[in-house]
Amino acid sequence: MQLYTDAATEPLTKRSAAGILLIDQGRQHQYKQPLPVGDNHTAEFLAAIAGFKTLLDTFGPGQSVFFFTDSQVVAESVSKAYSKNFNVELQTLLHLQDQCQVVITQWIPESENHGAHQLAQQGLHLKL
C-alpha cells in the first residue's frame, strides 16, 4: 500500500486542504478535504493524519504502508519521533502509524507528489 499526502494553504486566508492518494494493488483512491485554518507546516501534519485515518478507515489496521510526503518537517519528525513545534500533531500521527504493521516514510520532492498536490489544490476550492 502506498500513501501520498500533501497540504495546500492559501497565504492570505490561511485556509488549508489535504490531498490524499492511496494506491492499493495498482488501484488509486483519491480524497480531498478541508483542514483547519493555519500555517502550511501544521497543515502538512494534519494532511498526513487525515491520510492515515482514511487508510485505516478504508482498509483497516495491520497494513504495510509506504508513506510519501513532500514535507521535510513531517518526514524528519516521523524519522526522529520528535518535533519541537508540532509535537501534538506528531504524536497523533505516530499513534495512527502504530496501528499499521509497518510504515516506511519517504520524503519526496514536490515534483514527484503531483497526485496528492492536485487533490489538495482541489480541496481548497471545495464549497464549505
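# Close-up views of a predicted model

**View 1. D70 and the residues around it.**
Leaving aside residues up to four places away in sequence, D70 touches T5, D6, E44, W107, I108, P109, E110 and N113 (contact: heavy atoms within 4.5 Å). This is a predicted model, in which local features need pLDDT of at least 70, side-chain atom pairs count only at pLDDT 80 or more, and totals for chains, interfaces and linings use all residues. Residues are numbered from 1 along each chain as its sequence is written, and side-chain values use heavy atoms, with hydrogens and water left out. D70 lies in the loop that joins β4 (64-69) to α2 (72-80). Helices (H or I, at least four residues) and strands (E, at least two) are DSSP runs, numbered from the N terminus.

**View 2. D70: which side chain makes a polar contact with the side chain of D70?**
The partner is N113, at 3.4 Å, side chain to side chain. A polar contact is a pair of N or O atoms within 3.5 Å; within protein, one must be able to donate a hydrogen and the other to accept it, and residues adjacent in sequence count only if both atoms are side-chain atoms. N113 is also one of the residues that D70 touches. D70 is buried but has no salt bridge. The nearest side chain of opposite charge is K32, 17 Å away. For charge, Lys and Arg count as positive and Asp and Glu as negative; His and the chain ends are not counted. Buried means under 20% relative accessible area, exposed over 50%, and partly exposed in between (1.4 Å probe, protein chains only).

**View 3. The salt bridge between R15 and E10.**
Side chains of opposite charge can pair when their charged atoms come close. The structure holds one salt bridge (a side-chain nitrogen of Lys or Arg within 4 Å of a carboxyl oxygen of Asp or Glu). Here the side chains of R15 and E10 meet at 3.5 Å, N to O. R15 is partly exposed, at 26% relative accessible area. E10 is partly exposed too, at 23%.

**View 4. Positive phi at K14 and at A81.**
Most residues other than glycine have a negative phi. K14 is not a glycine, yet its phi is near 65°. K14 sits in the loop between β1 (2-9) and β2 (16-24). With a relative accessible area of 40%, K14 is partly exposed. A81, also not a glycine, has a positive phi of about 55°. The loop between α2 and α3 holds A81. A81 is partly exposed, at 45%.

**View 5. D98 in the loop between α3 (87-97) and β5 (102-107).**
D98 is exposed, with a relative accessible area of 64%. In sequence, D98 and G62 are 36 residues apart. In space, their C-alpha atoms are 8.9 Å apart.

**View 6. The whole chain, for orientation.**
Four helices and five strands make up the elements of the chain. From the N terminus on, they run β-β-β-α-β-α-α-β-α. The radius of gyration is 13 Å, close to the 14 Å from the globule rule for 128 residues, so the chain is as compact as a globular protein of that length (radius taken over C-alpha atoms; rule: 2.2 Å times the number of residues to the power 0.38). Along its principal axes, the C-alpha trace spans about 40 × 35 × 25 Å. Of the 128 residues, 45% are buried. Among contacts with a separation of 6 or more, 67% join residues 24 or more positions apart.
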